[in-house]
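Open the model in your viewer and keep the selection panel at hand. This tour moves from one selection to the next.

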Amino acid sequence: MADDHDNTPENGVFPPESLLPYETWLEDAYRGVMLSALDYVSREGLAGEHHFYLTFRTDVPGVVIPDRLRAQYPHEMTIVLQHQFWDLNVDRTAGKVSVGLSFGGVGSILEIPVRAFTGFADPSIHLSLHFTAAEPDEESAPVAEAPAATLAGDEAEGSAESDSSSQVVSLDAFRKKGPSPG
């Protein structure tokens, strides 16, 4: 079914001002896509060239990361889920995602509230989603450092694939805000 009408208002803003919370609904739907992808990968693993860039606010209450990473990335951080990760878990009831990653040869389990995510990308198919993160609560103290996971060499026990390095990367090349008005 095609819509040949251009519903974009004269000022070019999309979506136009509305009494219905379309922006919130769209953002919730995009977060649902991210959670479904992560949940699928937690059960089935990554297929083909798929890999994920996850960007999140490190200063949102409930984010659990090692203190050294919080010091290095006090506001925002991007992690890559590709070769070396383990124990990926999506807990929709608690509203959080957890995953094991190795940073500088030291394994850690990161816990990230869903409301802390600002971006999700799968570069293999040029998919990039952006979210508005919860604002950090000024009165909340940062969560303590995540405990180090026990590693066997450079690979953790479980379903991790090996890779010689973990890195934090910028998603600037993949930035695009929401759907294009059509």
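**Before you select.** This is a predicted model: local features need pLDDT of at least 70, side-chain atom pairs count only at pLDDT 80 or more, and totals for chains, interfaces and linings use all residues. Numbering starts from 1 along each chain as its sequence is written, and side-chain values use heavy atoms, with hydrogens and water left out.

Stop 1: Select residues 22–44, helix α1. Helices here are DSSP runs of H or I with at least four residues, strands are runs of E with at least two, and numbering goes from the N terminus. α1 has 23 residues and spans 32 Å from first C-alpha to last, close to the 33 Å expected. That expected span is 1.5 Å times one less than the number of residues. Step just past the helix to G45: its phi is positive, about 85°.

**Stop 2: the buried side of α1.** Color E27, Y30, R31, M34, L35, A37, L38 and V41; these are the buried residues of α1. Buried means under 20% relative accessible area, exposed over 50%, and partly exposed in between (1.4 Å probe, protein chains only). Now show what covers them: the cover includes β1 (52–57), β2 (76–81), β3 (86–91), β4 (96–103), β6 (117–122) and β7 (127–130).

**Stop 3: the sheet.** Select β2, β1, β6 and β7: in that order they form an open, antiparallel sheet of four strands. The edges are β2 and β7, each pairing on one side only. Twist averages 10° from one strand to the next. α1 packs on this sheet, touching β1, β2, β6 and β7, and its direction makes about 125° with that of β1. Contact means heavy atoms within 4.5 Å. Axes are lines fitted to C-alpha atoms, for helices over the stretch in contact, with angles from 0 to 180 degrees between N-to-C directions. Zoom in on β6 and β7, which pair over four bridges; D122 has L127 in β7 as its bridge partner. Pairing takes at least two DSSP bridges between two strands.

**Stop 4: salt bridges.** The rule is a side-chain nitrogen of Lys or Arg within 4 Å of a carboxyl oxygen of Asp or Glu. The count comes to four.

- E27 and R31: 3.2 Å. Both are buried.
- R43 and D39: 3.1 Å. R43 is exposed at 52%, while D39 is partly exposed at 26%.
- D59 and R57: 2.9 Å. D59 is partly exposed at 23%; R57 is buried at 17%.
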